[in-house]
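Please look over the structure below before reading the notes.

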Amino acid sequence: MHFIDKIEEYLCAGCLVVMTILVSANVFSRYVLHMSFSFSEEITTNLFVLLSMMGTAIAAKRRSHLGLSILTDAVGPRLRKCLVAGGFAIATLFSLALFIYGVQMVMSQYRLGQVTASMQWPEWIFGTFVPFGAFFITLRFAQAAWEEWKTPANAQTENAPNEKEVEAV
């Protein structure tokens, strides 16, 4: 179960390793061998898409997304709980839409037989990174929404200031 909990981190690490090797090899090839690997930019760009999607899922899992807390700081614990859970629910719906439209995009790429520019690989192979990443984002935002919803309203959250911090200000 530990692997499943950390799958996004492992995928991000793998993407970073492959991207670093490809870019370093291409730089070496350009400056020392005076030739370029045409495929490295294509693979690196597509891995960056996967890396971004997995990074978003990690941030959702850790509840580390940037947010404006001016409204949630000004309301009571019950309304704060509803607003935060509602925000996670909206993010879940958005990422679910991204997943659905990503699947439709991949099906369209497959149906049209689109290929990548330099490697001439089927475009749908790299296109699957979008719904794959959106699946994890949806899962992690749904988990965050559920956890927020089932947490008692009067429980302290990580980001909410405690009474001593408020009195010190």
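The notes below cover confidence, a surface patch and backbone angles.

The structure is a predicted model. Its mean pLDDT is 89, and 91% of the residues score at least 70. The points below are grouped by topic.

**Confidence**
- Helix α6 has the highest confidence in the protein, at 96, while helix α8 (residues 163–168) has the lowest, at a mean of 47.
- Residues 163–169 have a pLDDT below 50, and this stretch makes 1 contact in the model beyond near neighbours in sequence.

**Nonpolar surface patch**
- A nonpolar patch on the surface is formed by V23, V27, F28, Y31, V32, L33 and M35.
- Together these residues have about 710 Å² of accessible area.
- One of them, V32, belongs to helix α2, which spans residues 7–33.

**Backbone angles**
- Most residues other than glycine have a negative phi.
- H34 is not a glycine, yet its phi is positive, at about 60 degrees.
- H34 sits in the loop between α2 and α3 (38–62).
- With a relative accessibility of 68%, H34 is exposed, since the cut-off for exposed is over 50%.
- Q120 is not a glycine either, and has a positive phi of about 60 degrees.
- Q120 is found in the loop between α5 (77–112) and α6 (123–127).

Definitions and conventions: Residues numbered from 1 in each chain as written. Predicted model: local features only at pLDDT ≥ 70, side-chain atom pairs only at ≥ 80, totals over all residues. Heavy atoms only, no water. Patch = residues over 30% accessible without salt bridge, like charges linked within 9 Å, V, L, I, M, F, W, Y side chains within 5 Å. Areas by Shrake-Rupley, 256 points an atom, 1.4 Å probe, with all protein chains shown as cover. Salt bridge = Lys/Arg side-chain N within 4 Å of Asp/Glu carboxyl O. Helix = DSSP H or I, 4+ residues; strand = E, 2+ residues; numbered from the N terminus. Buried < 20%, exposed > 50% of the residue type's maximum accessible area, 1.4 Å probe, protein only. pLDDT = per-residue confidence, 0-100. Contact = heavy atoms within 4.5 Å.
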